[in-house]
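Hi there,

Here is the structure I promised to pass on. My notes follow below it.

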Amino acid sequence: TAGQQLRALFYLLPPGESSFPAVEEVPDYVGKSIPFFVAFIGLEFVVSWFQKRKLPGRINDGISSLSLGILSRLPDVLFRSVDLISYIYVWNNYRLFELPWDSPWTWYLTLLGVDFAYYCFHRISHEVNILWAAHQVHHSSEDYNLFTALRQSFLQKYTSWIFNLPMALLIPPSVFAVHLQFNLLYQFWIHTEVITNLGPLEWILNTPSHHRVHHGRNPYCIDKNYGGTLIIWDRIFGTFEAEDAKVVYGLTHPVNSFDPIMLQLRPLAHIWNTFWATPGLCNKLSVIFKGPGWGPGKPRLGLPEEIPVITGKEVPFDPRVPAFLNCYAVVHFAVIVDLYTELLGTVTMLSQGTILLRICFIILSVTSFGLLMENRPKAGILEIIRCSVFIGVYKLGYLRSQFFSLGYAYEV
């Protein structure tokens with residue numbers, strides 16, 4: 001029900017409502033949450049306007065975040081989640097014993113297990129350069145709002161699965177599949193500035209205040225507050241930091257781009273170039289497996305004094321574009337969201353060729369929007385090509401809207 005889906009966003013579905021005998025019976029809580037994401041984003045805009053008389057973000061950064069969120073989910077259209085594939089394999093072949101799927105104790109143990117695995121993976125993603133190259137996408141926004149929560153890497157999921165495998169020795173996949181989604185959904189609502197402090201809950205739960213610190217590039221914020229649902233792991237392992245000075249968001253060395261492909265791949269290109277420019281095999285390996293701030297002669301995680309000082313006068317990357325172009329990008333991005341949602345709803349009825357064609361068109365579209373938002377000189381040419389491709393594939397029936405009455409409007 002809608003009420004259950006809403007409570008799932010806050011990890012408030014008890015074991016009796018979220019325990020299933022088979023993984024095939026587990027609902028797609030994340031997919032069904034899309035309407036709530038939209039509703040909460042709208043609510044955040046309203047509350048922010050009343051609180052500060054300003055909106056919580058910018059059009060260019062918001063479109064960039066949503067584009068990255070869509071890209072991160074596209075592999076799941078073609079393949080089952082690698083987290084579940086690997087987990088089920090270990091469960092079927094190597095489990096030591098089987099905890100009952102309908103026991104509340106199994107449910108709560110899995111909550112702790114999934115969250116601790118997330119803490120470990122999240123921390124290592126900040127401390128190992130090759131993993132940071134994927135995870136940095138989530139930190140690349142210089143705004144902090146609910147759009148940022150959807151700003152995800154499509155590469156990160158291909159390394160995070162390893163940390164969940166110990167649970168597959170005893171916890172049924174159906175229980176794991178529920179908590180994997182709940183842990184992700186919980187982290188949506190903490191990406192906001194409109195919620196200040198939650199009192200005693202701040203001691204146990206990861207909250208907007210704690211997570212604002214995690215997204216900061218202030219020296220006191222770096223490599224702090226890795227928790228997903230719970231903040232207790234940070235308190236136990238010494239990585240906790242309370243919110244203090246005003247947080248400035250983003251990367252210590254901003255990428256300055258709204259192109260989702262560039263945001264995904266530029267850090268990997270930087271590692272590649274640094275790898276070949278660094279002398280010595282051990283140093284080359286250190287470029288990959290030590291921290292992003294490491295260099296020859298430095299500690300594993302780099303030197304804290306090399307973190308850029310925050311003056312409070314930092315200006316976010318925000319190229320000026322005409323107002324009509326912002327309106328154009330918003331309208332066309334809404335069309336892509338419609339096509340993407342329709343793809344998710346009909347994927348089981350489509351051929352692999354049609355699915356691939358739709359995915360390629362979505363990637364082309366979000367890339368074009370990113371370049372338009374940067375006001376690139378040749379972005380208009382790419383957009384003309386994109387619109388021409390759209391007309392062709394739409395007329396041939398390879399693209400469809402959820403709303404048949406809008407077909408002619410889309411062509412116009």
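**A buried isoleucine and some aromatic pairs**

Isoleucine 171 is buried, at a relative accessible area of 2% (buried means under 20%, exposed over 50%, partly exposed in between, with a 1.4 Å probe and protein chains only). This is a predicted model, where local features need pLDDT of at least 70, side-chain atom pairs count only at pLDDT 80 or more, and totals for chains, interfaces and linings use all residues. Residues are numbered from 1 along each chain as its sequence is written, and side-chain values use heavy atoms, with hydrogens and water left out.

Isoleucine 171 sits in the loop between helix H9 (157-160) and helix H10 (173-189); helices are DSSP runs of H or I, at least four residues, numbered from the N terminus. Beyond its neighbours within four places in sequence, its contacts (heavy atoms within 4.5 Å) are Tyr87, Trp91, Leu99, Leu109, Thr110 and Phe176. Leucine 99 is 72 residues away along the chain, yet the two C-alpha atoms are 5.7 Å apart.

Now for the rings. The whole structure holds 24 aromatic pairs (ring centres of Phe, Tyr and Trp, its six-membered ring, within 6.5 Å; planes under 30 degrees apart are stacked, over 60 edge-to-face, the rest tilted). One of them, phenylalanine 45 with phenylalanine 147, is edge-to-face, at 6.0 Å centre to centre and 80° between the planes. It links helix H3 (residues 34-52) to helix H8 (residues 146-149), 102 residues apart. Phenylalanine 45 is partly exposed at 26%, whereas phenylalanine 147 is buried at 15%.

Happy browsing!

Conventions
Helices (H or I, at least four residues) and strands (E, at least two) are DSSP runs, numbered from the N terminus.
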